[in-house]
Amino acid sequence: MSIKNFLADLFLATCCTVFSQPVSGQINSIMPVRGFCISAPQRNGLDEFVKFIDEELAPRNVNTLILRIDYNYQYESHPELCDSGALTKKDVKKLVEVCKKNKIRIIPQVNLLGHQSWAGRIGNLLNAYPEFDETPEVKMPQKYEWPNADGLYCKSYCPLHPEVHNVVFAVVDEICDVFEADAFHAGMDEVFYIGEKQCPRCSGIDKAELFAGEVRTIRDHLALSKRQLWIWGDRLIDGKTTGIGEWEGSYNSTHRAVDMIPKDVMICDWHYERPDQTPVYFAMKGLSVVTCPWRMPENAVKQAQDMVKFREYSTPEMKERFMGMVQTVWSGTRQFLDVYYGRRTETDENTPVKCFRALFDEMNRLADN
Ligand SMILES: [Zn+2]
């Protein structure tokens, strides 16, 4: 073979290699983040979840896995916070390996600031450190009901308590290290208790400044180890003016924090009932954003199409902020996989399993077109 023919063959071989994998290149350019968010499995469900990542998430081109850990890990820095039967380091490494193999970025989540209780149960952090409670005067009810006189949805920690970050940052660092993560999800959604007048530290301080201050504190800590902060976006949306409401939006004036937080924080903009156009709002504020559906396939498909459209019709500056989609699942891993693998049937047309399938079918279809 002459050198010329050799080079021609090499050129063809290179082209064929490129063209034989059109989907991955195309899908990365139309939808850089293709995420899946779920709670970390219990130990007895770990192997099935690893198989699910390998056989179901990876072939659908999922490239980001947000795993809600909270205290389902045997933290060496703070064993007093761990759930009983929590995941071990060896368990976590199984997740790390299967994700590495499939080029999936794992982003661990521990809820910071809000979600420090659930229904009538106090969370592990405030259980071990009751002094961090923003509203110690609010007692956990025997039987939880919403609405209630205390306005108790979830407890928050006090972001100005002098000791709180020593504890939570040790946990954050440890979970990021064990997952070998370059990003961390701090939750920070649905913070109803913030800057309460009974709190000796927060009373009288602007709630937007308190929220933004906590975002910045966490972001700056992560930046020391070159990790990016991801948060839910609801506290940054004016719930009243937009009509988006007090769950997907804020009714307690934290939304002005959108102009105070660092621009490198990734916003996970969740909307489950309508395909709200809020990604544009975040992108215009200079923030990168992913749209997060939950259980309505029809909305998820529209949201994916919108994301592609936002990127297509934007200036180069804006385009790069429309990062993609993240399917959220709020049941446990076991419940999700029971339905996914057909061990349990759900007749409702709106379920996380159906939404997940529809969303990823649509994203792969959009990439193929
Ligand atoms: Zn406080």
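The protein chain has a mean pLDDT of 94, and 93% of its residues score at least 70. The model is predicted. Its secondary structure comprises 14 helices and ten strands. Eight of the strands form a closed barrel with parallel pairing.

**Confidence**
- Confidence is highest in strand β6 (residues 183–187), at a mean of 99, and lowest in helix α1 (residues 3–19), at 42.
- The pLDDT is below 50 over residues 1–22, a stretch that makes two contacts in the model beyond near neighbours in sequence.

**Barrel**
- The strand order in the closed barrel is β1-β2-β3-β6-β7-β8-β9-β10.
- From one strand to the next, the twist averages 25°.
- Three bridges join strand β7 (residues 228–232) to strand β8 (residues 266–270) in the parallel sense.
- W230 has M266 in β8 as its bridge partner.
- Helix α11 (residues 297–312) lies across β9 (289–292) and β10 (322–328), and its direction is at about 170° to that of β10.

**Overall shape and packing**
- The C-alpha trace spans about 85 × 50 × 45 Å along its principal axes.
- Of the 369 residues in the protein chain, 54% are buried.
- Among contacts between residues at least 6 apart in sequence, 74% link residues at least 24 apart.

**Surface**
- The protein chain exposes about 16,700 Å², of which carbon and sulfur atoms supply 54%.

Technical notes. Residues numbered from 1 in each chain as written. Predicted model: local features only at pLDDT ≥ 70, side-chain atom pairs only at ≥ 80, totals over all residues. Heavy atoms only, no water. Pairing = 2+ DSSP bridges. Helix = DSSP H or I, 4+ residues; strand = E, 2+ residues; numbered from the N terminus. Axes fitted to C-alpha atoms, helices over the stretch in contact; angles between N-to-C directions. Contact = heavy atoms within 4.5 Å. pLDDT = per-residue confidence, 0-100. Buried < 20%, exposed > 50% of the residue type's maximum accessible area, 1.4 Å probe, protein only. Areas by Shrake-Rupley, 256 points an atom, 1.4 Å probe, with all protein chains shown as cover.
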